[in-house]
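Please find below my notes on the model under discussion.

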Amino acid sequence: MATITRVRGIRTRADGTWAIVKIETNQPGLHGIGSASDHFRTGVVMAAIEEVLAPKLVGRDTADIEDIWQSTLTSGYWRSDSVMGTVLAGADMALWDILGKEAGLPVYRLLGGRCRAAVPVYAHAAGDTLEALMDDVQRYLDDGWTYIRCQLGAYGGGGFLEPGTGGRPRASALRPPFDTTRRGAFDDEAYLENVPAMFGALRNRFGFGPKFTHDVHEHLRPHQAVALAKALEPHRLFFVEDILPPEHVAYYRHIKQACTTPQAMGELFTNVAEFLPLVQERLIDFMRIRVSKAGGITPARKIANLCEFYGVHTAWQEGGDNDPVNQMAAYHLDLASWNFGIQEENHFTDDELAVFPGHAVTENGYMYGSEVPGLGLDIDEAAAGALMVPERAARPKFMAEDRRADGTMVRP
Ligand SMILES: [Mg+2]
């Protein structure tokens, strides 16, 4: 039996946006790590680790994972807020890490064992022009990737009324005087015109062998989301992601009646009650909650098991702002979940990976973890500190504000 003696947060990445929970125990050398990263609220997360998590957990038996999860969830009476859910996830992953080390087994074996040889990952291909996108797709195909997300330009790309992103002249965008955003105006109709055309061109060039996905980033009005899903049907996507924001999930009923384009949803969810109807009514095909935003391995495993009974597959969210610890937590769930669907690509530099010895490796579109007991990776605290650039870490970080031509903000 191990007892928790210390809980603290370690902040790293050049911009200071990764927060790692470290749980130490009364057993010599026995500790665990978990991801509590929140790109936009790192300071708040760090404060919550110190002010809430540490006093709640010190003295507890590390093996009481379920009870620690339940009692911490409701320790502030209200629950399901994204910051506290993430902090709780950091503790939960660290406790699974410790349990694995005590058992001498990698976490996926504690979850039921391996269902597959490795974990397929989907790539992020993008280009400001169709030609640039095609080159990026070809680069991934040449490297052996099968699953490729295709985007025109950056976040929201394909729907902006400016040259290079949507192909329409700048003059057609009526910019309001108070619009301080750097980018052009987002236009639903431009998006509906450009994205299906993009997939038409991609299928013409690459055929139906590659498994293509697309992320709408919740930009469209609900009725336009239905229209897009229908327009994409002939291009047979592996899935379209976040075609609706969480506020309008009821529209999935219309989408499912209108077409067969597979739907992936969930990276903005933090509470199982939000998406339960979508699973029960089989309105989505892939569940995309970020493991840390779900609250860690404990709830994510339950979500995966629930989805299995409804024919919904997992596609845990990763992407640009996640850290190697969250990636590894997803990896263990991916290996052990029969209804695994796909894993999202991450973007790490060599300097960042050096902070996490034992990190997963992605090669030719497949991710491989280590067989080291626990999560399989650790944190080099000196390297973590050296990586952070204080001026960058101190800067406030906010989500991009895309706006329509009249200045109305587009909800992500
Ligand atoms: Mg997404």
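Which strands does helix 3 lie across, and at about what angle does it run to strand 3?

1. The model is predicted: local features need pLDDT of at least 70, side-chain atom pairs count only at pLDDT 80 or more, and totals for chains, interfaces and linings use all residues. Residues are numbered from 1 along each chain as its sequence is written.

2. Helix 3 lies across strand 1, strand 2 and strand 3, and runs at about 145° to strand 3. Helices (H or I, at least four residues) and strands (E, at least two) are DSSP runs, numbered from the N terminus. Angles run from 0 to 180 degrees between N-to-C directions, and axes are lines fitted to C-alpha atoms, for helices over the stretch in contact.

3. The three strands form an open sheet in the order 1-2-3, with antiparallel pairing. Strand 1 (4-12) and strand 3 (31-35) are its edge strands, each pairing on one side only. Strands pair if DSSP finds at least two bridges between them; strand 1 and strand 2 (residues 18-25) have eight bridges.

4. Helix 2 (residues 65-73) packs against helix 3 (residues 82-103) at an angle of about 170°, with the axes 10 Å apart. Helix 2 is therefore roughly antiparallel to helix 3 (angles over 145 degrees count as such). On helix 2, the contact (C-beta atoms, placed from the backbone, within 7 Å) is made by residues including Ile68 and Trp69; among those of helix 3 are Leu95 and Trp96.

Definitions and conventions: Angles under 35 degrees count as roughly parallel, over 145 as roughly antiparallel, 65 to 115 as roughly perpendicular and the rest as oblique. Two residues are in contact if their C-beta atoms, placed from the backbone, lie within 7 Å.
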